[in-house]
Amino acid sequence: MNHIGLSATLSALVVLGLSMPTLAQTIDGSATDDILALAQGYGEATLETQENGLPRIAGKVDGIPYQVFFLNCGSGTCEDINFYAGFGGIKPPMDALNAWNRDKRFGRAYLDGDLDAVIEYDINLEYGVTLENLNAAFGVWSLVLGQFAEYVGYKAQ
């Protein structure tokens with residue numbers, strides 16, 4: 001291969017290599033519509049407003065209600081989202097929640113102020129994530145939510 005052919009091939013590889021990461025769509029906490037669309041891919045979901053004016057998604061996966069809170073917001077974007085599901089009236093023993101937290105990688109379980117079961121899952125969006133990565137996080141959340149609901153004895157209505 002001559003020098004010009006080699007240079008053209010290397011240039012093409014460098015351009016392709018450098019542009020590969022930009023092919024994936026990156027979104028951050030300002031992309032509420034994109035995040036809502038992901039939530040809707042897993043079940044019912046609507047965009048609402050929290051009392052403090054920040055966005056919140058109210059959704060259901062297989063009949064199990066949850067919320068996605070947008071947190072640490074400023075200048076039109078939010079740094080984090082928090083998946084949250086509280087199970088009012090379901091009061092598992094602390095040993096059961098400790099076992100969940102010890103044995104499961106995803107989802108932080110605890111008792112809220114009324115001693116009801118809660119599961120949460122946080123995602124950092126400060127510098128953006130790919131749409132595919134956030135979709136995977138919604139997939140993890142939908143699994144965790146279903147497993148936890150079953151674990152604490154919640155029956156979807």
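A search of the whole structure, a predicted model, finds twelve aromatic pairs; rings of Phe, Tyr and Trp (its six-membered ring) pair if their centres lie within 6.5 Å, and planes under 30 degrees apart count as stacked, over 60 as edge-to-face and the rest as tilted. The whole structure also holds one disulfide. In this predicted model local features need pLDDT of at least 70 and side-chain atom pairs count only at pLDDT 80 or more, while totals for chains, interfaces and linings use all residues. Residues are numbered from 1 along each chain as its sequence is written, and side-chain values use heavy atoms, with hydrogens and water left out.

**Aromatic pairs**

- Phe-69 and Tyr-84 pair edge-to-face, at 6.0 Å centre to centre and with 70° between the planes.
- Because Phe-69 lies in strand E4 and Tyr-84 in strand E5 (residues 77-87), this pair ties together parts that are 15 residues apart in sequence. Helices (H or I, at least four residues) and strands (E, at least two) are DSSP runs, numbered from the N terminus.
- Phe-69 has 18% relative accessibility and therefore counts as buried; buried means under 20% relative accessible area, exposed over 50% and partly exposed in between (1.4 Å probe, protein chains only).
- The ring centres of Phe-83 and Tyr-121 are 5.7 Å apart and the planes stand at 35°, so the pair is tilted.
- This pair links distant parts of the chain, with Phe-83 in strand E5 and Tyr-121 in strand E7 (residues 117-124), 38 residues apart.
- Both Phe-83 and Tyr-121 are buried.
- One aromatic cluster is formed by Tyr-42, Tyr-66, Phe-83, Phe-106, Tyr-121, Phe-138 and Trp-141.

**Helix H2**

- The buried residues in helix H2 (residues 32-40) include Thr-32, Ile-35, Leu-36, Leu-38 and Ala-39.
- They cover an arc of only 155° around the axis, which puts them on the same side of H2; the arc is that of the directions from the helix axis to the C-beta atoms.
- An α-helix has 3.6 residues a turn, so residues three or four places apart point the same way.
- The cover over the buried residues of H2 includes strands E1 (26-27), E2 (45-49), E3 (55-61) and E4 (64-74), and helix H4 (131-152); contact means heavy atoms within 4.5 Å.

**Disulfide**

- Cys-73 and Cys-78 form a disulfide (a pair of cysteine sulfur atoms within 2.5 Å), with their sulfur atoms 1.9 Å apart.
- The torsion about the S-S bond of Cys-73 and Cys-78 is about 105°, so the disulfide is right-handed.
- Cys-73 counts as partly exposed because its relative accessibility is 29%, whereas Cys-78, at 6%, counts as buried.
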